[in-house]
Every structure is written in C-alpha cells, then in structure tokens.
Amino acid sequence: MHMLRTLLLTGFASLTTLSMAAEYFIYYGTYTNGKSDSKGIYVSRFNTESGEWTAPQLAGETGSPSFVAVHPTGKYLYSVGEVSQPGQKGGGVTAWSIDPATGKLTQINQVSSVGAGPCHINLNPKGDLAMVANYSGGSAVSYHVKPDGSLSEAVSFHQHEGSSVNERRQKTPHAHSANFSPDGKFAFIADLGADKVFIYKVGEEGATTAHGSVAVPPGSGPRHFAFHPSGKYAFTNGELLLTVTSFKYDAEQGSLAALETVSCLPEGVPFSDKYSTAEIVTHPNGKFVYCSVRQHDSIARFRFDESAGTLHYQGSTASGGNIPRNFNLDPTGKWLFAAHQNSHNVVLFKVDQETGDLKPAGKEQQVSACVCVRFVAVP
C-alpha cells in the first residue's frame, strides 16, 4: 500500500477544510456521442473518511474520452478518444497536465492511435510508457512518455490475428484493454475477438515486442484484466460468457497459466446473451475480486483463496443504475464507485473489509455516459 500511495500522491493544493491525507480527486471518462450530453473528462473530490463527495465538474473538453489513466506522479492524465481526428488514422490519444489547484486539465499534445477504435489505456509503473488497445482495429500500440508528460508518436504497433466461435462478435480480433505487470517488464492485452490475452515484453523508450499469449475458453471474449496485489495471480473477465478466468503468473518468464473459469451469475439465474460483463477489479487486501454484469446491472463478488489460487462466488449486488460499464475501488479499498453508461449516474458503495460485501452509501452523482473512474491522491 505504501508503494501504491507513493505512486498516486500529487502536488494538489487543498481547496476545502477536509482532511488532506484522506482526499482524492476522482476523474471520470465518458462518451460524448449518442444520448450523452457529456463534453469530455469530469472531476470531483472525495474524502475517504467522511464520505463527502463533490459534484463532478468538466475538467477537460474532448471527444469520447472513454478511458483515462493517471501518471504515477499525479501530474499528468492520458485519455483515449473513440472518435476519428482530422488527418489521423484511427482515433486520438491525448496527454493532459493537471492543475494542482483545481484538478482541471490542459491538453499537452495529441497523437494518433494508429488503429481504429482506441478503447483503453494504461501506463507502466515508471510512467515512461503508455499502451493503448484498439478495439475496432484489433491492435495494440505503445508510446514513449516524455519527461514533460507529452506523448511521442507510436513507437510500437502490433496487429492481432485470430477469431473465435461467436460469429457475431469474434470474426476478427478486438483488443479491449491494456495492462502492465507490477514490475513493468511485461504488458498484457485482452483481446475479445481472438479469445486470448496477448503478452508483450517492454523495452526502452516505449518499445514493446511480442512475447506470447494465453487462451481462454472459446467464446469467452476476454475484456479487461487485473493483477492480484501479490503479483502472483491475474484475472480476466469474459464479456460474452459472463465469466472470470484466473491465471497463475510467472514474473520471471512473463507467462500466464490458466487456472479456472467461473460464472458471474447467481445460482438460478439462467445465462443470457443479453448480459455481458464489463469490468474486473481486485481488492487491495487481495481477498476479493469484483466483476460488473451489464443488463443484469449487478456487481459479482468472489472471495479469492491465495493459497489454493481459487475463486469462490460470494454473491451479487445491484449496481444502482443501468449498464455498469465500469467501476473502481478507491485506493483505501473502503469505497466502490459504480459508473453507469445508460442511467448516467455514479453510485457509491461502502465495502465491508471482512466479507467484501457492498452496502449502498446512499450517495450518487450525475455523470452523463460515464464509463471510467480513476483516482489521484491529494497530499
């Protein structure tokens, strides 16, 4: 936790009389098209001790910044733009500087995602490399993050190959998320269309090279990916089969070995292709894994037995809105924020540290077409 907090600390100045050590800025990625009235990335402030939560304000205006990532220093934020930019192939990837007094964003630069449909972005632990997953194009791209926070043009581009059994969704590859190992030596791209997690070795100046892959059960559609706090295990959610697959991770080899695949639905609830999973998150204490299920509009909870490497379904909690596209635990692990794409609200839950159970806190904020939640600590 000490390392995590160090990475998240920023130079933000206090705007209120709330406890400084317990405060976080929360950034929300959104869609700006369709029925949304969002204008870009929003920010609010939250106190982990009191539960005080300010109304979101526009932090940076941009087109469909569906997912964002925060630099380890807390000085910069990065977003994908699921819209085409004039003169660019694919969508845009934008670097922003964070105003320490307001949390507002100022654009540093924008580069091409090269492939179509950029949908997810993450930075390595050092903060000198960014990786983007392009859903429509089925590709992964890496960038060098410069000392001033700006992004280089693409350093590495990887076109995925493969398909799977779902004829409607898996005719071609669809890279859906980008993540890094705890030591930053490897990157992992969950590909829904290929039914694989592709693995890349991280080099210098933003370069990445193909290192292998691991398959999941046919038709799963791996979407997002999360490491266990121990760094010994990892998990991916199967969007199409409503599952979670666990892996044993070999840090020296940079390899994943599949352990088991379990359902996210409560017993007695029949499978339906109208449902789909969206996000997977591990609790900081390592005891629990959470996964959101859209249309069923719930968050499934699993207890993880680290000694055996097994997942045990514990229950499902109504998410408090329609289409829980994304959710996230705050770094303390005491609170969970469930963001809903269609009902345009973010709902707050208190997390029982012993059981992992989610209890509605009776608070929510309005954020149109919200699909991402990220935190930056206020020192």
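The lining of the largest cavity divides into 2 nonpolar residues, 8 polar residues and no charged ones (Ala, Val, Leu, Ile, Met, Phe, Trp, Tyr, Cys and Pro count as nonpolar, Asp, Glu, Lys and Arg as charged, and the others, Gly among them, as polar). The model is predicted, so local features need pLDDT of at least 70 and side-chain atom pairs count only at pLDDT 80 or more, while totals for chains, interfaces and linings use all residues. Residues are numbered from 1 along each chain as its sequence is written, and side-chain values use heavy atoms, with hydrogens and water left out.

A cavity is a set of points, on a 1 Å grid over the protein atoms alone, where a 1.4 Å probe fits but cannot get out; a pocket is an open set with protein on both sides within 12 Å along at least five of seven lines, and lining residues have an atom within 4 Å of a point. Grid points are joined across faces, edges and corners, and a volume is the space filled by probe spheres set on the points. The count comes to 1 cavity of 30 Å³ or more. The largest cavity holds about 30 Å³ of space. Its lining has 10 residues, and Thr 62, Val 80, Gly 81, Thr 94 and Gln 110 are the closest to its centre. Strands E5 (76-84) and E6 (91-98) each supply at least two of the lining residues, and E5 gives the most, with 3 residues.

The second largest pocket has a volume of about 230 Å³. Asn 166, Arg 168, Leu 240, Asp 273 and Tyr 275 lie nearest its centre, among 15 lining residues. Here the lining comprises 5 nonpolar, 4 polar and 6 charged residues.

Turning to the fold, the chain has 1 helix and 28 strands (DSSP runs numbered from the N terminus, helices being H or I of at least four residues and strands E of at least two). Four of the strands form an open sheet of 4 strands in the order E3-E2-E1-E28, with antiparallel pairing (two strands pair if DSSP finds at least two bridges between them). Strands E3 (57-61) and E28 (370-378) are at the edges with a single partner strand each, so one side of each is left without a neighbour in the sheet. Within the sheet, 6 bridges join E1 (residues 23-30) to E2 (residues 40-47) in antiparallel fashion, and Tyr 28 stands opposite Tyr 42 in E2.

Overall, 59% of the 379 residues count as buried (under 20% relative accessible area, with exposed over 50% and partly exposed in between, for a 1.4 Å probe and protein chains only). The C-alpha atoms fill a box of roughly 50 × 45 × 45 Å along the principal axes.
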